[in-house]
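The following note sets out numbered remarks on the model shown here. Please read each point against the coordinates.

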Amino acid sequence: MINWANFVSQCFNGLVLGALLALISSGLTIIYGTLGVLNLAHGAMFMLGGYAGWVAYSLTGSFFLAIVAGSLFVMLVGVVMERAVIRHFYSRPPEDQLLVTFGLGIVFVEGVRFFFGSLSKAVPPPPMLVGITPIGFMFYPTYRLALLGIVAAALIALYVALYRTRIGMIVRAGIEDSVMVGSLGIDVYKVFMLVFGIGAMAAGFAGIVNAPVVSLAPDVGESILVQTFVVVVIGGVGSFPGAVLGGLIAGEIISITSMFNPGYAYVMLFVAMTLVLVIRPYGLLGAAGRE
Amino acid sequence: MNATIGMLKQRPFLVEALMAAGLIAAPFVLPYLGFTPSTLNRILVWGLFGIGFDILFGFTGLLSFGQSAFFGSGGMVVAYLLTVLNFPHVLAAMAIGTIAAAAIGFLVGLIALRRTGIYFAMITVAIAEVFFFVEFNPLSDYTGGENGLPGVPTPDLFLGFTTIHFNTDQLLYAFLAFWFFIGMVIGLRIVRSPVGAVLSAIRDNPLRAAAVGHNIHSYKLTAFVIAAAYAGFAGGLLGLMQGFMPPDAFMFDTSGQLVMQTAIGGAGTLFGPLVGATVWLYLSDFLQNVLHLGAAWKLILGIVFVLLVCFLRRGIVGGLADLARLAAGKAKPGEAAGRGTVAPAPSIATEDGPAIIQLTPSPRRPKPIDGGETILKAEGLTKRFGGLVANDGINFSVRRGELRGVIGPNGAGKSTFFKMLTCEMAPSEGRILFEGRDITGLGVTRVCQLGLTKSYQVNQLFTRLTVRENVTVAALAEKRGAFRLDPLRSLASVEGLAQRVEETLRAVNLSGRADLPVSELAYGEKRRLEIGLALAAAPSLLLLDEPLAGMSPRERVETVKLLKAISKGRTMIVIDHDMDAIFELAERITVLQEGRVLVEGAPEEIKGDVAVQEAYLGGVAAE
């Protein structure tokens, strides 16, 4: 029999995971939409955010500073990566872009392994968020509850940045047609650099805020990357609302399936992805021609 | 690579002989460089795994990050048969494992190939991850979960009078080298077959490969299944080699390592993965065992990989081929006549007038349903893009043997009209009859197979192939049909192919340039090749979308002659902005304006028509 309290708490877990996936996927999808580059190092960005935050946390003892430092560090990595490497790949075939970002991802993961070792690092939640909170008929870890709020706030911030600012308008126009944006006299390369930085930061931010839930390891980004792909395929490439919807769907599927048998979580995720591919090949909220 | 292929044609078994010599010499030479026998064996398994992957990635252009699924599945099936079930025949188990992997590849391919490009890459990653989790959890009773399947027996071979047990590293090398050799011979045959030619065309320009009449989805699926079969076979060998089938064969790292080895060695060369595996496995041994770098070996290999992708685009084998071509290039007459020197183009027309170019379609093509006068008939053809009506109820018919011109100001809907006629685009309303058949919504591939095709306004060529290979791909679609599974057949054995290719090359006056890569052609030559691609399909109705666009005056004169020559015994519809050319060529002219037929008639009538003058000159004539 299903334990209903357990079920509700799993749904909550799914919501938290889903919001997290939504944030990471929006980073991936706005980079792809604007620059046309699928960043296979995106999972490594998630991991880097966690480690950078962990370093800042151990140095300062402030979780807030850890979030800021982790996010800014990954944004910097993203900007440098775009300027130094990705920029030279815009005119090369998409396969080369996949290869180079895949290679960079390995370099990041192995670099972290080299400096910090393979053993996982535990990141404790900030003292005020330790413990469990009673909500109605069940108890729920306080930090996870807070995490839902933090990630939701980040998603809203990203939404505001994308839909309520001039720069956001340029980025959205770039997703539709970056050549046209360029010919309007806007320096697309600056926009590209900024978008890559923001997209990477979304993953890095997720990496540090998620670190107290799962411990840090160099390869923590790998499974996140795979889940992000499923989210993007379900939601539709280049669509911010699609990433949010896809993220929530994927998060719930993983959590609810795990309640019965964790071994089938990926199978169900894959079934959902296949269904979407058959019924709506361009994703739930995607548009044709963004490939 | 073109130089390599040229060499292959002259000495057909040279590559195979060199490979056999190399495989025999390797165990005697490479240990002096620090290769251990087990490293050599692993290189062969990865090299074999890579042959299939290279056919998928290097030749078809599909970058899969999910090959671990087939490598692991094939290996697990073989190991399960040989250990749990005590199945006695190693080779039969290998065959079953390979078939199982191919079957899984077929099913996965059906899903993954619904999309292309980065979607394809993402879907393959996701699917491979599913296999990893299924192996570890739901199927762990069969696969041993995280322990894998130990106790896989070494292979043996019963020769009637004695049995060879491949139970040492050296004997195992012989066993693996034999299968690598077989795998490479088959791989080379596939690449040189008609299927291989179509796969390369799909890599270069999938849109055009479909437009000349190939069912590209089936061909992509074929490449995917071939890659899965190679992966499954190599996975089986992995278990035999190690005496143990490891579960990490299913890991994402396995797919990643394969991709990196192939890119390091050079994709699109078949030998690239072997070279890449040699570099990768040697360096990993060297960094770990000699330099004692521990876990840092992968960091270093990662950096090497990124640098190679940045600076040596075609990998080690590709780089060596470029070097060889650079060294040999100066001596080659074909290259010398390439860039810069403008060879005087021989005139197409003889003094007796244009030669008649007759390319008879093969008997496979369906006969016209009604053999009547009208070859093409469009009724009420309408296309709306949201609120914009690009074509509005166009009625249009063309007689067999006619040369029709279609003109109209910019934005009149000419290109949209053509796209609907060739079924690149489905009309919002109306229908199209070709030789009495309703072809509305049939799709560009099937319409081309029926004998209706188009040359494009913007060149759509197979850019990495030579001129001859381009024409060959187009001719193959007509000679073999939309899809045919003959991956082991040689191109030379396709009946009538060579003749069709030569005729087409002569028709578009490119015989002298046949073995140049497309990238070395002048613009006018590329335009002629564009027409040649359409012509090679021996269409009974040929549509030409602005064939003269962007040409110099001299090239125009030549091309008009060419069009006259190919129009003999063929029906053609030509769109162009060059009025003089259209009035000279066409027997009848249709004028489109704002998505409607404005007027239709003989050139003389059109010239004198007030409405046409008004459309072009903006009402001046009417005043």
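1. In chain B, four strands form an open sheet in the order E6-E5-E8-E9, with antiparallel pairing. Strands are DSSP runs of E of at least two residues, helices are runs of H or I of at least four, and both are numbered from the N terminus; two strands pair if DSSP finds at least two bridges between them. Strand E6 (388–399) and strand E9 (437–438) of chain B are at the edges with a single partner strand each, so one side of each has no neighbour in the sheet.

2. The model is predicted: local features need pLDDT of at least 70 and side-chain atom pairs count only at pLDDT 80 or more, whereas totals for chains, interfaces and linings use all residues. Residues are numbered from 1 along each chain as its sequence is written, and chains are lettered from A and ligands numbered from 1 in the order in which they are written.

3. Strand E5 (residues 374–385) of chain B is joined to E6(B) by eight bridges, and the two run antiparallel. Within E6(B), Ser397(B) stands opposite Lys377(B). Helix H17 (residues 414–421) of chain B packs on the sheet and touches E5, E6 and strand E8 (429–434) of chain B. The direction of H17 makes about 60 degrees with that of E6(B), where axes are lines fitted to C-alpha atoms, for helices over the stretch in contact, and angles run from 0 to 180 degrees between N-to-C directions.

4. The domain assignment divides chain B into domain 1 (2–327), domain 2 (372–451 + 539–623) and domain 3 (462–538); such bounds come from an automatic or database assignment. Between domain 2 and domain 3 of chain B, 15 residues of the former are in contact with 15 of the latter, contact being C-beta atoms, placed from the backbone, within 7 Å. On the domain 2 side, helix H18 (444–450), strand E11 (541–545) and helix H22 (553–567) of chain B each give two or more residues. The C-alpha centres of these two domains of chain B lie 26 Å apart.

5. How many residues of chain A are in contact with chain B? There are 34, in contact with 34 residues of chain B. Helix H4 (94–116), helix H8 (220–235) and helix H10 (265–279) of chain A each contribute two or more residues to the chain A side, and H4(A) gives the largest share, 15 residues.

How values were computed:
Contact = placed C-beta atoms within 7 Å.
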